[in-house]
Amino acid sequence: MTSFGPVRLRTERLVLRPPEENDAPDCFAAVDQVVRRWMPWAQGYTLESARQWCTKDAFLDPQRQTSFAIVPDRTGRFGGVIGISRADWDTGVAETGYWIGPADRRHGYVTEAVREVARYAFDLGLHRLELLAATGNLASQRVAERAGFTREGVLRKARPTPAGRADMVLFSLLKGEL
């Protein structure tokens, strides 16, 4: 069985690296009303929650998941998160997900990060990367499309959001399509 190691990835404008304890204040500050609208874990998010995630929770299951802090070169600071989860090495399928704070939105950083994380996943031997976005989360859907993912369909009431269970658009990217 393969697992994810603590690696640093580099793109033209970003460093993608494991979260660190000193990221906690920026992580906490990045969780605004947009993140809270879509992410159930963001309800009641505190600085202590951010510190816990940056130091422990992001590293709980390296065989099935990994997380990267998105650090834009222009600031050198934590801007958001991209990760791989639900990795099934037998089938070669995993899921990616992301969020980014308001200061770093609309720069194309998440699309850039998604492409790099997909390369990393495929280099490790995964064959298919899935991405779920709430039907109402148009910004997240645009990221998936710009990153080269194919829209496959809608999964009804597939995931919880703070507003209740939501329909999710399923996107996928196959090895060789990047």
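Is Cys 54 buried or exposed at 1% relative accessibility? In this predicted model, Cys 54 counts as buried, its relative accessibility being 1%. Cys 27 is likewise classed as buried, with a relative accessibility of 0%.

The cysteines were then examined for bonding. The structure holds zero disulfides. A disulfide is a covalent bond between the sulfur atoms of two cysteines. For Cys 27, the closest cysteine sulfur is that of Cys 54, at 4.4 Å, which is too far for a bond.

Ser 67 is part of strand β3, which covers residues 66-72. The relative accessible area of Ser 67 is 15%. Because buried means under 20% relative accessible area, Ser 67 is assigned to the buried class. Leaving aside residues up to four places away in sequence, Ser 67 touches Arg 17, Pro 18, Pro 19, Trp 53, Ala 58, Ile 82 and Gly 83.

Asn 137 lies in a loop, with β6 (128-134) on one side and α5 (138-146) on the other. Asn 137 is buried, at a relative accessible area of 14%. Between the C-alpha atoms of Asn 137 and Gly 5 the separation is 31 Å, and the two residues are 132 residues apart along the chain.

Technical notes
Residues numbered from 1 in each chain as written. Predicted model: local features only at pLDDT ≥ 70, side-chain atom pairs only at ≥ 80, totals over all residues. Heavy atoms only, no water. Helix = DSSP H or I, 4+ residues; strand = E, 2+ residues; numbered from the N terminus. Buried < 20%, exposed > 50% of the residue type's maximum accessible area, 1.4 Å probe, protein only. Contact = heavy atoms within 4.5 Å. Disulfide = S-S within 2.5 Å.
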